[in-house]
Amino acid sequence: MSGTTVTHRTAAAAERSGAPRDACVAPSRAARELGLKRSEFDLAVHLGRIRTVPDDGGGGRRVHRTEIDRIRAADGFPEELRASVRAVGTTEGAALMDVTRARFTRLARLGLLVPVRFYVNRYRAVVWLYLAEELRRFAADERNAALLQGRTPEVLRDQLGQGLDLRPRNWRGRHLGFLLRQSADDPWARAAAVASLLDAAEVADIVTDPGERARLRLVRPAPLAHGSPGSPAAQLAEEIVTAADQDEIDWLRSDLADAMEAVRRQCPAPRPPLHAVPVRPSPEEPREGEQSGRLTGLLGRLRRRDKLTHRRDN
């Protein structure tokens with residue numbers, strides 16, 4: 001058995017069970033030791049190239065020392081690691097594939113090129129980013145030659161003419177895969193990952209229990225930072241994150257229902273203790289003491305009236 005295999009299994013075991021803080025480092029420290037910018041490090045984690053473990057102190061995720069050693073011992077480090085997380089926009093991507101920007105955009109809208117990240121620029125336009133290595137593989141595949149030159153097939157042109165744009169949906173699918181990898185051992189986190197791509201009304205329709213919805217909100221993945229909350233950029237990003245096509249919504253609803261069934265079997269949400277709630281009498285139904293008091297007062301008044309009547313008669 002090779003040393004690389006042993007290291008891989010040790011890191012995998014650490015990821016399942018967590019690890020002592022002194023055996024792990026913060027993401028910023030791990031990025032420096034691996035020669036990556038923080039954005040490159042985050043993308044590497046997103047793609048599963050770098051495994052992280054939960055922080056026992058509740059401070060986010062950390063990187064085990066054995067994981068850093070495994071990556072540094074790989075052939076071609078650090079150049080191959082950096083190349084594997086290089087993300088490019090439309091202009092650079094088109095140049096890599098030796099096609100026009102317009103053709104590149106058409107291929108992406110058709111879902112043939114899958115974005116790995118996006119951001120909203122200062123003009124409130126969505127900028128999609130793609131993995132350079134995936135673009136090179138697509139361009140090198142002879143089966144795609146007809147898509148890279150000549151006229152786009154008529155059926156694809158018709159779809160584009162009808163407004164087809166699969167970039168947001170493809171990004172959501174990729175993002176959900178990342179969230180599910182990060183929450184592999186936590187049924188609640190897995191359910192929350194699916195719920196994070198659905199509108200709140202869709203979630204409420206599937207998860208009718210308020211306590212369960214509160215728990216989902218508690219473990220919901222942190223929203224992507226795109227501008228200040230409520231800003232146009234943040235609203236645009238929220239639209240991209242939320243499923244829009246009905247078949248995609250139906251698929252996510254089904255996945256959420258299955259995830260919640262698993263949650264209820266394995267670790268249902270705790271219920272608040274039940275307390276006896278006093279029953280308040282209605283205004284038409286006075287309490288027993290009040291009834292007794294009123295009756296006594298009535299009898300007293302009758303007795304006094306009888307005495308006065310008796311005196312007058314005498």
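Modeller: Buried means under 20% relative accessible area, exposed means over 50%, and partly exposed lies in between (1.4 Å probe, protein chains only). A word on the ground rules. This is a predicted model, so local features need pLDDT of at least 70 and side-chain atom pairs count only at pLDDT 80 or more, while totals for chains, interfaces and linings use all residues. Residues are numbered from 1 along each chain as its sequence is written, and side-chain values use heavy atoms, with hydrogens and water left out.

Now the partner. Arginine 172 forms a salt bridge with glutamate 248, at 2.8 Å from N to O. This pair links distant parts of the chain: arginine 172 lies in helix 11 (residues 167-182), glutamate 248 in helix 16 (residues 246-266), and 76 residues separate them. Glutamate 248 is also buried, at 2% relative accessible area. A salt bridge here is a side-chain nitrogen of Lys or Arg within 4 Å of a carboxyl oxygen of Asp or Glu. Helices (H or I, at least four residues) and strands (E, at least two) are DSSP runs, numbered from the N terminus.

Stay with helix 11. This helix has 16 residues. From first C-alpha to last, helix 11 reaches 23 Å, close to the 22 Å expected at 1.5 Å a residue. The expected span is 1.5 Å times one less than the number of residues. The buried residues of helix 11 are Arg167, Pro168, Trp171, Arg172, His175, Leu176, Phe178 and Leu179. They sit on the same side of helix 11, because they cover an arc of only 160 degrees around the axis. The arc is taken from the directions that run from the helix axis to the C-beta atoms.

Aspartate 165 is partly exposed, at 30% relative accessibility. Arginine 167 is buried, at 15%.

Other salt bridges deserve a look. The count comes to 17. Glutamate 67 and arginine 70 form one of them, with the closest N and O atoms 2.7 Å apart. Both belong to helix 4 (residues 65-72); they are three residues apart, so about one helical turn separates them. Glutamate 67 is buried, at 1% relative accessibility. Elsewhere, salt bridges link Arg29, Glu33 and Arg65 in a network.

Next, the nonpolar side. In soluble globular proteins, nonpolar side chains tend to be buried together. The largest nonpolar core has 63 residues, and Phe41, Ile50, Met97, Phe104, Leu113, Leu216 and Leu256 touch the most other members. Such a core is a set of buried Ala, Val, Leu, Ile, Met, Phe, Trp, Tyr and Cys residues joined through side-chain atoms within 4.5 Å. Leucine 113 touches Met97, Phe104, Leu107, Ala108, Tyr130, Leu135 and Phe138, leaving aside residues up to four places away in sequence. Contact means heavy atoms within 4.5 Å.

Leu135 and Phe138 lead us to helix 8 (residues 132-140), where they are buried along with Ala132. Those buried residues fall within an arc of 120 degrees, seen down the axis, so they line one face of helix 8. The face turned away from the buried side carries the exposed residues Arg137 and Ala140. The cover over the buried residues of helix 8 includes strand 4 (87-88), helix 6 (90-97), helix 7 (101-109), strand 6 (126-131) and helix 9 (145-148).

Two strands pair if DSSP finds at least two bridges between them. Two bridges join strand 4 to strand 6, and valine 88 has tyrosine 130 as its bridge partner. Strand 5 (residues 117-120) meets strand 6 over four bridges. Arginine 117 stands opposite leucine 129, and valine 120 is partnered by valine 126. Five residues lie between strands 5 and 6 in their hairpin, where arginine 124 takes a positive phi near 60 degrees.

A second open sheet also has three strands, in the order 1-3-2 with antiparallel pairing. Its edges are strand 1 (24-25) and strand 2 (53-54), each pairing on one side only. Strand 2 and strand 3 (residues 61-64) pair over two bridges. There, proline 54 stands opposite arginine 61.
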